[in-house]
Amino acid sequence: MTGPADTRDQADEARVAATARAFRARSRRVRLLRRILPVAIVVLAGGTVSWIVLRSVISDVERKAGTSREVTLEKSRFLGQDAQGRSFVIGFERAVRDAETGRFRLMGPALRLNLGGRKVTTLTADGGVYDEAAGTVTIGPNVRISDGGSGMTLVTPEAVVDTETGIVTGSRGVQGSGPLGTVTASSYAIHEQGERVVFRGAGDNKVRGTINAARSDG
């Protein structure tokens, strides 16, 4: 015959057994997680590194593919004529054609605008861009323009040549010197390949210049 005390003991033993089973189950889960988590961390880290490496490889392939479409010319020149049939020559140390825009990046450009005879305007700079479609050559910095007709030399940060008209313009300041004197201005325009040069000021930066006095021999 089972009494109240025996019933309580059986209930206590059942609770202890259930608690032990739950503890063993938790212990198994903890041991499993201890094995799985380090592996998962390594896999995730490896996946991140692999993606970074893959992205770098893809970028490198894209860069090389873009480079392979570029056309590079060494120590060569472009020949052309303006709308009036006057010739111009764009020489360069190196030119690289951009596959996206079709423009040529110029290194060491040297332009010659020829009026005929000895009247040749020469422009040199550190770099530039030849946009054949737009009909422009933009060169700079350190632009030096030598006019064979007047003997004047202009120094400016930038020059834009319209290959259709032969007009050279710049709006980033200019300094000029020659047999007639000196000039400083905000912008300039060279027309008729050196026959006419127009200087302009802007705001407080007015055109300033000096004129050399005529000298007579004897």
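**A close look at the charged pairs**

Modeller: Let's start with Glu93, which is partly exposed, its relative accessible area being 42%. On this scale, buried is under 20% relative accessible area, exposed is over 50%, and partly exposed is in between, using a 1.4 Å probe and protein chains only. Keep in mind that this is a predicted model: local features need pLDDT of at least 70 and side-chain atom pairs count only at pLDDT 80 or more, while totals for chains, interfaces and linings use all residues. Residues are numbered from 1 along each chain as its sequence is written, and side-chain values use heavy atoms, with hydrogens and water left out.

So who is Glu93's partner? Lys75 makes a salt bridge with Glu93, and their closest N and O atoms are 2.5 Å apart. This pair links distant parts of the chain, with Lys75 in strand 1 and Glu93 in strand 2, 18 residues apart. (A strand is a DSSP run of E, at least two residues long, numbered from the N terminus.) Lys75 itself is exposed, at 64% relative accessibility.

What counts as a salt bridge here? A side-chain nitrogen of Lys or Arg has to be within 4 Å of a carboxyl oxygen of Asp or Glu. By this rule there are 4 salt bridges. Side chains of opposite charge can pair when their charged atoms come close.

Now go to Arg94, which forms a salt bridge with Glu74, the closest N and O atoms being 2.9 Å apart. Glu74 belongs to strand 1 (residues 71-81) and Arg94 to strand 2, so this pair ties together parts 20 residues apart in sequence. Arg94 is partly exposed, at 34% relative accessibility.

Glu158 is partly exposed at 25%, and Arg172 is exposed at 53%.

One last stop takes us back to strand 2. The largest nonpolar core has 25 residues, and Leu106, Leu123, Ile145 and Val168 touch the most other members. Strand 2 gives this core its largest share, 4 residues. (A nonpolar core is a set of buried Ala, Val, Leu, Ile, Met, Phe, Trp, Tyr and Cys residues joined through side-chain atoms within 4.5 Å.)
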